[in-house]
2 protein chains.
Amino acid sequence: MGRGKIEIKRIENSTNRQVTYSKRRGGIVKKARELTVLCDAEVSLIMFSSTGKFSEYISHTTTTKKIFDRYQQVSGINLWSSHYERMQEHLNKQKEINNNLQREIRRRMGGDLDDMSIEELRGLEQNLENSLKVVRERKYHVISTQTDTYKKKIRNLQEAHTNLLRQFSEMRIHTMG
Amino acid sequence: MGRGKIEIKRIENSTNRQVTYSKRRGGIVKKARELTVLCDAEVSLIMFSSTGKFSEYISHTTTTKKIFDRYQQVSGINLWSSHYERMQEHLNKQKEINNNLQREIRRRMGGDLDDMSIEELRGLEQNLENSLKVVRERKYHVISTQTDTYKKKIRNLQEAHTNLLRQFSEMRIHTMG
DNA sequence: CGCTCTATTTATAACGC
DNA sequence: TGCGTTATAAATAGAGC
């Protein structure tokens, strides 16, 4: 190397450290490229400088994703499959819940009744009757509320109209009289 | 380097290729280690030889998983999250469908009716009436089918009983007579 | 920063075991 | 394969611009 043997120890001067980093980064990338070409190897080199600057080399014969996948296979280390599996489980559960809900709705709409017993059918019937009652009550309530509102509006309008008429006739008396 | 300038080109002799790979692999790992220590950098170096042999160097200050995570953050490249995100989307969709289904069921059970208009309530009422009709029909059908089955069974039993009685009386006539 | 210029160290190809 | 040896190419520290 340069003028005098260097000691492999953290360079305390941060400017020099960055300069050395830049130079050596070039060198190591070159080495990686040579290894790729000369030896037909697949190399992934990822570097973060002490200031957080990112650089990488990846053999042209592959991609970083491929290397990561292969790394996992070979090293046996599961980097993210635990997440993945948990999510898959979650999804399956949701799908099952979904299917059950949809079946319940179909039944409540009069379908998919074939494998229901008399008791179950009786239960469903009663349930539907109750629901129907509640929905009807709600409907009547909404209708009556709306009717009241309309009645009130009409009353108000009539009042206003009467007032206007009175004012109008008073005005005529004053101006004409 | 060695005795004579070398050309950076694939080494065709596979034995030499492997020898060169081993030597240069050592060299590049040494460079990576020096970069780590001298420059306070974080380095991940993953290599697969042409025969598939795996080796890696990782700075002692970090882990391969950390480098992978950081790589993704910095490069913006989705290594696995393409899978992951699609799954998350899927899951969210399922959850939404689920919520809608549950709301529909609640309504069909007479709940959650507050923000429904008269028209919607009328539709639901009619729907429930129809469903109730279908469920009742189904119930009657099941009951009548079951009744028929019982009737048939009874008829068969009576027939068998009559036959037995006849056979018995005939037997008595033969043995006693 | 980034580039150039050396002196010097380091890496390594070729060879042998 | 792996480890020495050696001649030589390559990398690079330090300096200057």
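This is a predicted model: local features need pLDDT of at least 70, side-chain atom pairs count only at pLDDT 80 or more; totals for chains, interfaces and linings use all residues.
Figure 1. In one of them, the ring centres of Phe54(A) and Tyr71(B) lie 5.6 Å apart with the ring planes at 70°, and because planes over 60 degrees apart count as edge-to-face, the pair is edge-to-face. This pair crosses between chains, since Phe54(A) belongs to strand β2 of chain A, whereas Tyr71(B) belongs to helix α2 (residues 64-75) of chain B.

**Figure 2. Strand pairing between β1(A) and β1(B).** Strand β1(A) is joined by 7 bridges to strand β1 of chain B, which spans residues 42-48, and the two strands run antiparallel. Within this pairing, Leu45(A) stands opposite Leu45(B), a residue of β1(B).

**Figure 3. The area buried between chain A and chain B.** The contact draws 81 residues from chain A and 82 residues from chain B. Between them the two chains bury about 8200 Å², and 71% of this area is on carbon and sulfur atoms. On the side of chain A, the residues that lose the most area to chain B are Leu38(A), Phe48(A) and Met87(A), which together account for 10% of what that side buries.

**Figure 4. Salt bridges and polar contacts across the interface.** Across the interface of chain A and chain B there are 12 salt bridges. A salt bridge also links the side chains of Lys139(A) and Glu125(B), with a distance of 2.7 Å from N to O. Polar contacts across the interface of chain A and chain B amount to 28 residue pairs, counted where both residues have pLDDT 80 or more.

**Figure 5. The elements and residue classes on the side of chain A that touches chain B.** Two or more residues are given to this side of chain A by each of the elements α1 (14-39), β1 (42-48), β2 (54-58), α2 (64-75), α3 (81-108) and α4 (118-176) of chain A. Helix α4(A) gives the most to the side that touches chain B, with 18 residues. Sorted by class, the side of chain A that touches chain B holds 41 nonpolar, 16 polar and 24 charged residues.

Conventions:
Residues are numbered from 1 along each chain as its sequence is written. Chains are lettered from A and ligands numbered from 1 in the order in which they are written. Side-chain values use heavy atoms; hydrogens and water are left out. Contact means heavy atoms within 4.5 Å. Buried area is the accessible area (1.4 Å probe) that two parts lose on being put together, summed over both. A salt bridge is a side-chain nitrogen of Lys or Arg within 4 Å of a carboxyl oxygen of Asp or Glu. A polar contact is a pair of N or O atoms within 3.5 Å; within protein, one must be able to donate a hydrogen and the other to accept it, and residues adjacent in sequence count only if both atoms are side-chain atoms. Helices (H or I, at least four residues) and strands (E, at least two) are DSSP runs, numbered from the N terminus. Ala, Val, Leu, Ile, Met, Phe, Trp, Tyr, Cys and Pro count as nonpolar, Asp, Glu, Lys and Arg as charged, and the others, Gly among them, as polar. Two strands pair if DSSP finds at least two bridges between them. Rings of Phe, Tyr and Trp (its six-membered ring) pair if their centres lie within 6.5 Å; planes under 30 degrees apart count as stacked, over 60 as edge-to-face and the rest as tilted.
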